[in-house]
Amino acid sequence: MFDADGNFKRMFSIDVPPDPASRPVNGPTPTGERLKQAIGAPNSLCMTPGPTQVLFVGESTYPGRIFKVALDGTVLGVIGRSGRNLGQFSGAHALACPTERELYVGETSNWRVQKLLLR
């Protein structure tokens, strides 16, 4: 995290284990050290506007989740898993979050954009 002047403020990591039933869209399921590197590895992020800002962080193709994260690094929610169905993701490389409850996810492996309305 950086402030508006580009000064480093804090760093955090996301360490949420994947759903054991989740499988990557392309290639084998990573294990061991490769799996540790994939969990929480951001491909994209966006920050909502306004006084109650949150981050949305998109993982790579596996485990293919979107995290809703407080600015202190606390994971507030996990959205989806790797896959091709609606609400599943593969290669979430672009996020837009005009509000805390509206999220657009552009995926490279699935060649689509999903619009999510969150509760």
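**A stop-by-stop tour**

Begin by selecting Glu107, which in this predicted model is buried, with a relative accessible area of 6%.

Next, select Lys115 and Glu102, whose side chains meet in a salt bridge at 3.9 Å, N to O. Because Lys115 belongs to strand 7 (residues 112-117) and Glu102 to strand 6 (residues 102-107), this pair ties together parts that are 13 residues apart in sequence.

Now move to helix 1 (residues 32-38), where Glu33 and Lys36, being three residues apart, are separated by about one helical turn. Glu33 and Lys36 also form a salt bridge, with 3.9 Å between the closest N and O atoms. Glu33 counts as exposed at 52% relative accessibility, and Lys36 likewise counts as exposed at 59%. The model's salt bridges come to six.

Strand 3 runs antiparallel to strand 2 (residues 55-59), to which four bridges join it, and Leu55 stands opposite Val69. Between these two strands lie six residues of a hairpin, in which Gly64 takes a positive phi near 70 degrees.

Finally, select strand 4 (residues 75-79), which pairs with strand 3 in the antiparallel sense over four bridges, with Ile79 standing opposite Ile66. In the hairpin of strand 3 and strand 4, which has five residues between the strands, look for Gly73, whose phi is positive and near 100 degrees.

Technical notes
Residues numbered from 1 in each chain as written. Predicted model: local features only at pLDDT ≥ 70, side-chain atom pairs only at ≥ 80, totals over all residues. Heavy atoms only, no water. Salt bridge = Lys/Arg side-chain N within 4 Å of Asp/Glu carboxyl O. Buried < 20%, exposed > 50% of the residue type's maximum accessible area, 1.4 Å probe, protein only. Pairing = 2+ DSSP bridges.
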